[in-house]
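This report looks at how the parts of one protein chain are put together. Please have the model open while reading.

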Amino acid sequence: MDYTDTLREIASHVQPYIGSGEVASYIPPLAKIDPRQFGMALYTLDEGLFVIGDAYKRFSIQSISKVFAFAMAFNLLGDDIWSRLDREPSGTPFNSLVQLEVEYGKPRNPFINAGALVVADILVSHFAQPSLAVLQYLRRLVADDSVDIDLELAKAEQHLAHRNIAMAHFMKSFGNLQNGVDEVVDAYCNQCAIALSCAEVVMAGAFLANSGTCPIRSTVVTSRRQTRRINALMATCGTYDAAGDVAYRVGLPAKSGVGGGILAVVPGKATACVWAPGLDESGNSLVGTMALERLTEITGWSIF
Ligand code: DON
């Protein structure tokens, strides 16, 4: 199949909508991003990489980092991780605190902010340089040491991380945070501020389409069993309170970030990443979701 044509068709389908949606304004450097950008990459296990538009331009991966941080922590703790996290969709915005009190400080899943902070805490406990742990993991997956943290963005987010700090304190009061709040929130903000291009995100995530083995270097990143579970969590919890709508429209495990990127996995076949900075009301890329919807319409790749 010629995926170049597939990407061209998707790009012309979304063209009238490019620039739609609102850029994330609560992190000042993200508020300055031009919303009229669009890039998409596809990494197929059979035929390799295909790109269109701004696919080589690096953007802030934000919450897409939660998938990689979780994969690291899941590797370290195995199923013991579920004593600190649940695996249910939250049906609430990514930064919501409301369920934490009634659920005794145990976050609904690793992909909402509360869950990602618990994951960051696990990494802080295990790594000598916790604020660089996810960066180093991604550099290995992408095989490129030029991948970096946007430090200006990380700092801006740390200054405004009132909700994340509140959440971390709250979970600490329930005994579900082992390290200092500042250290955990710093590590979390640093992982969110890693910049990757669509072409790099599909390479980094390719193990998720390939039962846990990186198809480029043939190294095992996660076990087959863990990989299936990460994909299940992405499908049910990866796009927050829009997870049902994304399952209905796109039908793929996916993880979004407020930088406007979305990583989607087609188990056994491919990874896709789309970047368009304008967000919908749930914080998912508006044009990005449309592009993925078109992708599964054209290819029949929905898992449903
Ligand atoms: O915690 C935050 O607010 C951000 N650094 C990450 C949020 C994010 O990307 C949520 N995704 N849609």
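The sections below cover the model, the domains, their interface and selected side-chain pairs.

## Basis of the model

This is a predicted model, in which local features need pLDDT of at least 70 and side-chain atom pairs count only at pLDDT 80 or more, while totals for chains, interfaces and linings use all residues. Residues are numbered from 1 along each chain as its sequence is written, and side-chain values use heavy atoms, with hydrogens and water left out.

## Domains

The chain is divided into domain 1 (3–59 + 197–299) and domain 2 (63–192); these bounds come from an automatic or database domain assignment. The C-alpha centres of the two domains are 21 Å apart.

## Interface between the domains

In domain 1, 37 residues are in contact with 36 residues of domain 2, contact meaning heavy atoms within 4.5 Å. About 2900 Å² is buried between the domains, and carbon and sulfur atoms give 72% of this area. Buried area is the accessible area (1.4 Å probe) that two parts lose on being put together, summed over both. Q226, L233 and Y240 supply 20% of what domain 1 buries against domain 2, more than any other three residues.

Seven residue pairs, both members at pLDDT 80 or more, are in polar contact across the interface. A polar contact is a pair of N or O atoms within 3.5 Å; within protein, one must be able to donate a hydrogen and the other to accept it, and residues adjacent in sequence count only if both atoms are side-chain atoms. Elements that each supply at least two residues to the side of domain 1 touching domain 2 include α10 (198–204), α12 (224–237) and β7 (261–266). Helices (H or I, at least four residues) and strands (E, at least two) are DSSP runs, numbered from the N terminus. The largest share of that side, eight residues, comes from α12.

## Salt bridges

A salt bridge is a side-chain nitrogen of Lys or Arg within 4 Å of a carboxyl oxygen of Asp or Glu. The whole structure has twelve salt bridges, and the count between domain 1 and domain 2 is two. D144 and R58 form a salt bridge through their side chains (3.5 Å, N to O).

R294 and E9 also meet in a salt bridge (2.5 Å, N to O). R294 is in helix α14 (residues 286–299) and E9 in helix α1, so this pair ties together parts that are 285 residues apart in sequence.
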